[in-house]
Every structure is written in structure tokens, then in C-alpha cells.
Amino acid sequence: MLKGFRLALLSCLIVLPVFQTASADELKIGYVNLERVFREAPAAIKASKKMQAEFEGRRQDLLRIENDLKARQAALVEKGASLSDSQRRAKEAELAEISVSFQRKQQEFKEDLKLRQNEETSAVLEKANKAIFDLAKSEHWDLIVQEAVSVSSRIDVTDKVIKKMTGD
């Protein structure tokens, strides 16, 4: 039993200096808040404005069609009793056709908008990741994470990443 104890003690004495030198090098960890990057980075703001300009015309067209459809429905309700059955059915069919067309255009708009948002988000994320890699390399960070439950402000490097994305 004493022989086993000596072996364990000798092993600890050999391994202890290895652990001490490993812990002597401080681990440098950073955190990037991607929500802030998407809100504040100039590339993200530019992409958002570009998207608004690109889709504003279609959004206005859909709003115009929707208002026209509501006005026609209100007119049909108001004047429906004074119309003959065939006239009322014709107006209802016309409204149904306009409604289906509106819904189709609205769905196409949503799909196109989502596709473009994904493209722009990917482009901004790519720029952010490049800035993060450059920052990690230049400042010798061991680990930079983008998601965390709790983060200390002393390891938050979001401002540096946004600055690096602007080219400063």
C-alpha cells in the first residue's frame, strides 16, 4: 500500500508543473453581440435602406390594391340590396378574383422580401465574421463567441467588430 501511495505522489509531482504552466497562460475570450451588429453596423444599415427602397414600390401597390378591395366590398355591402341577383353575383365574383390576385401578390411579395432579407443578412454576417476573424488574429484572442446566456461587459468586443467592419 505504501508503494502505491509513493507512485501516486510521484505522479502528482511530475504532472503538477505541467498544469501550472498551462494555467499560467491566460485564456483570452471575447463575445460579439450579433443583434447589435445587425442594428448598428453601417453595412447592416445600408442593407436595410437598400431593401426598403427596393420593395417600397411593391408595398405601395399592395396597399393600393388592398384599399381598393375594401372600398369595393363596402360599396357592394351598401348597394348590394339594390342590385339584381346576377349583378350582385357578378360583383362578388369580381371581388373574389381581385381578392385571390391580391393574396397571390401579397404572398409573392413576402417570399421575395424574405429571400432578399436572407441574402442581405448573409452578406452582413459574412462581413461580421471576417471582422471577427481579423480581430481575433490581430489581438490574439483564443475564443470569440457569438451566443451566450450571460456576458460580462469586459469581454464584449462588439464595438471593436463594428469598428472593424467600417474599416477603421
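**Notes on helix packing and local contacts**

1. The axes of α4 and helix α5 (residues 158-166) cross at roughly 110° and come within 9 Å. Axes here are lines fitted to C-alpha atoms, for helices over the stretch in contact, and angles run from 0 to 180 degrees between N-to-C directions. α4 and α5 are therefore roughly perpendicular to each other; angles under 35 degrees count as roughly parallel, over 145 as roughly antiparallel, 65 to 115 as roughly perpendicular and the rest as oblique. By class, seven nonpolar, one polar and five charged residues form the contact of α4 with α5. In this scheme Ala, Val, Leu, Ile, Met, Phe, Trp, Tyr, Cys and Pro are nonpolar, Asp, Glu, Lys and Arg are charged, and the others, Gly among them, are polar. On the α4 side the residues are V124, K127, A128, A131, I132, D134, L135, S138 and E139, and they meet K160, V161, K164 and M165 in α5. Contact means heavy atoms within 4.5 Å.

2. On provenance, this is a predicted model, in which local features need pLDDT of at least 70 and side-chain atom pairs count only at pLDDT 80 or more, while totals for chains, interfaces and linings use all residues. Residues are numbered from 1 along each chain as its sequence is written, and side-chain values use heavy atoms, with hydrogens and water left out.

3. As to the overall fold, the chain has five helices and two strands, arranged along the sequence in the pattern α-β-α-α-α-β-α. Helices (H or I, at least four residues) and strands (E, at least two) are DSSP runs, numbered from the N terminus. Of the 168 residues, 22% count as buried; buried means under 20% relative accessible area, exposed over 50%, and partly exposed in between (1.4 Å probe, protein chains only). Among contacts between residues at least 6 apart in sequence, 81% join residues at least 24 apart.

4. How do α3 and α4 pack? Their axes are 10 Å apart, at an angle of about 170°. α3 and α4 are therefore roughly antiparallel to each other. By class, the contact of α3 with α4 comprises 15 nonpolar, four polar and 16 charged residues.

5. The structure holds one aromatic pair. The rings of F55 and F109 have their centres 5.8 Å apart and their planes at 80°, so the pair is edge-to-face. The pair links distant parts of the chain, with F55 in helix α3 (residues 42-79) and F109 in helix α4 (residues 85-139), 54 residues apart. For the criterion, rings of Phe, Tyr and Trp (its six-membered ring) pair if their centres lie within 6.5 Å; planes under 30 degrees apart count as stacked, over 60 as edge-to-face and the rest as tilted. Both F55 and F109 are buried.

6. Is R116 buried or exposed? R116 counts as buried, at 15% relative accessibility.

7. A43 lies in helix α3 and counts as buried at 19% relative accessibility. Apart from its neighbours within four places in sequence, A43 is in contact with V124, K127 and M165. The C-alpha atoms of A43 and K127 are separated by 8.3 Å, although the two residues are 84 apart along the chain.

8. L63, another residue of helix α3, is partly exposed, with a relative accessible area of 35%. L63 and F102 are 39 residues apart in sequence, and their C-alpha atoms are 9.7 Å apart in space.

9. E35 is found in helix α2 (residues 34-40) and is exposed, with a relative accessible area of 59%. Between E35 and T158 the C-alpha to C-alpha distance is 9.7 Å, and the two are 123 residues apart in sequence.

10. Two further local features deserve mention. The charged end of K28 sits over the ring of W141, 4.6 Å from its centre; the criterion is NZ of Lys or CZ of Arg within 6 Å of the ring centre and within 35 degrees of the ring normal. H140, in the loop between α4 and β2 (143-145), has a positive phi of about 60° although it is not a glycine. H140 is exposed, with a relative accessible area of 63%.
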